[in-house]
Amino acid sequence: MSREPTPTDTDDAPLVEAEALTFGYAAVPVVEDVDLRVERGEYVGIVGPNGSGKSTLLRLLLGLHEADSGSAELLGHPARAFAERERVGYVAQDVTEDEKRMPITVSEVVLMGRFPHAGFGRVTAADREHAREALRTVGIEHLADRKITALSGGQRQRTYIARALAGEAELLVLDEPTVGVDAESVDAFFDLLDGLVADGLTVLLVEHDIGAVIEHASRVVCLNREVYFDGDPTAFAESDALDRAYGTNVRREEGGIVT
Amino acid sequence: MTAPASPAVAAASVPLLSAPYDLLSWLVGLWSDALGWVGEKLGIAMLEYVFMHHAFLVGALIAVMAPLIGTFLVHRQLALIGDALAHTAFAGVAVGLFINSLLGTGISPYVTAIVVAVIAALAIELISETTDAYNDVSMAIVLSTGFALGAVLISLNTGGLAVGINQYLFGNLSTVSRENAVLLVVLFAVVALVVTVTYKQLLYVTFDETAARVAGVNVPWYNRLMTTLTALVVVGAMQIMGVILVAAMLVVPVAAAAQLARGFREALLASVVLAQIAVLVGITLSFRYNTTAGGTIVLVAVAVYVAAVLAGKAQSRRSGDEIPERADDAETPEHADGAETPEHADGAEIPERADDAETPEHADGAEQSTSD
């Protein structure tokens, strides 16, 4: 693996910093008074019930929504400024299969990760090499010339990870990446993320699968409009934050948490 | 200017622009001479006519730029935009004819069509940006408004005008003048240049608008650019294709190419090749059997599409066993019994949702993965 964190003079600055972030679609706030800092090298998992505003929080941090109040900074810039975005990789829920029948190959998708670097210039041989390397890292090099719609959900999500890696992203933001992916591939997917974090990537993950977050992330943020818990996964599993955030429907069972 | 009967391009009468115009006009003349020579050597009767030289030039250029833009549009499910803009371009033609008859000027109706279509393109973008979605209804409103405006303006000038309108509605090979050919070369150059420079951004936006935004691409700006280019292409193609059928060139070859291609570049190339076939065969048949050019080209394009669908089916049957081993949807139910797979933890079993203001994308994700 050849990921090397790009040294910058802002090395110590948090990659994500939200202060008193509040946002609502109508009068009711969906995200209220959220403070969140993500430092370099962290693996932060955001969990919360459906409609808890966790994806909305992610969109605010990425600058896709304008906050009603409070501030959101990404890589030290206001999120809405969209500055230095080649340093951010983004993997969303897989929507390819239902609406997109677009002919495009895996390697073409991964090469998009280089586009912010290339700007209006040509895609160079070095860009293609980065893309190939990224495909190797996520282990789907052999699928490079496949049509993206011919892949399984798990393989497609690996493609999007590869796109982020091809762009040499320092921060990987994932919004429920495992929805619609079969259980076996989900395990492999989290193993892949673990490996990338070990190589120095910072990960911010929104995930409905609480068990996976507790098992893999280095820090858990439990959200239901407001932050109910922010800290160590073990402490989270032992706390009552889950019950408070989810209401009374959480059953605790031996070896895992089922909602 | 020794221009023949048809109205001169406005630009040509401006001194500053006359030098480039003369150059392009000379180039079109060269093309014409070359085709005439080829026709003479090979004994092809239809190449005796200068208007056919122009028709083939214009047709070939249309068959590059229409599928080029169409590929981006179709894969964003925006095929209807071409149709809407064609109908507003018709209003532009009517405006041009109206101004000419009112003031006795000689503005080419195609120039006013460009202006009106570009304004309409930006209006469509404005509507979609403020209502946060491209919707069929606003598109249908723009389409009908354009056509209605054109119809009313034309009926205001009764007299000779209504007679000439068929050429705009259905297209006409024999009216492609040297001025029109020059105008098309200019449109082609603009479209080709802009797409070449912004190819990466356009592709990113087409494939995944949200990811493109996250990556720092100014999506609204590229949407406006794309729609404006569509307006230019539609007006350019209108001369031969006619208002009613012009959108077909943006859609049909692209749909055919999507049946055959795996990659995006491949699809772009294939759509241009298929469009060239449709246009060249269509124009030839149209001349030979004296049929309307636009209709003939579209029928050939549709025949090409049907052939592509059949070829695509045969192709996927041959490579059918290559389909990925893990078609996850099929396997999920069997795996679901595993005690520690918390995959479908969320959603389904939580009766009260805190609030339903959550963004729609992930409302039912968990249910979906378990239900089938």
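Author: Let's start with a convention: a crossing of two helices is right-handed if the near helix is turned clockwise from the far one by less than a right angle, and left-handed if anticlockwise. This is a predicted model, where local features need pLDDT of at least 70 and side-chain atom pairs count only at pLDDT 80 or more, while totals for chains, interfaces and linings use all residues. Residues are numbered from 1 along each chain as its sequence is written, with chains lettered from A and ligands numbered from 1 in the order in which they are written.

Reader: In which hand does α3(B) pass α4(B)?

Author: The crossing is right-handed. Helices (H or I, at least four residues) and strands (E, at least two) are DSSP runs, numbered from the N terminus.

Reader: At what angle do α3 and α4 of chain B pack?

Author: Two packed helices are described by the angle and the distance between their axes. Here α3 (residues 80–103) and α4 (residues 109–131) of chain B pack at about 135 degrees, with axes 7 Å apart. Axes are lines fitted to C-alpha atoms, for helices over the stretch in contact, and angles run from 0 to 180 degrees between N-to-C directions. The pair is therefore oblique (under 35 degrees is roughly parallel, over 145 roughly antiparallel, 65 to 115 roughly perpendicular, the rest oblique).

Reader: Which residues make the contact?

Author: Among them are Ile81(B), Ala84(B) and Leu85(B) of α3(B), and Val111(B), Ala117(B) and Ile124(B) of α4(B). Contact means C-beta atoms, placed from the backbone, within 7 Å.

Reader: How do I read the sheet in chain A?

Author: Strands of a sheet pair through backbone hydrogen bonds, either parallel or antiparallel. This open sheet has 6 strands in the order β6-β7-β8-β3-β9-β10 (chain A), with mixed pairing; two strands pair if DSSP finds at least two bridges between them. β6 (88–91) and β10 (226–231) of chain A stand at the edges with a single partner strand each, so one side of each has no neighbour in the sheet. β6(A) runs parallel to β7(A) (residues 171–175), joined by 4 bridges, and Val88(A) stands opposite Leu171(A). Helix α6 (residues 153–166) of chain A lies across β6 and β7, at about 170 degrees to β6(A).

Reader: Is Gly51(A) buried or exposed?

Author: Gly51(A) has 23 C-beta neighbours inside 10 Å, so Gly51(A) counts as buried (20 or more is buried, 12 or fewer exposed, in between partly exposed). Gly51(A) sits in the loop between β3 (43–47) and α1 (54–61) of chain A. Of the 259 residues in chain A, 54% are buried.

Methods: Two residues are in contact if their C-beta atoms, placed from the backbone, lie within 7 Å.
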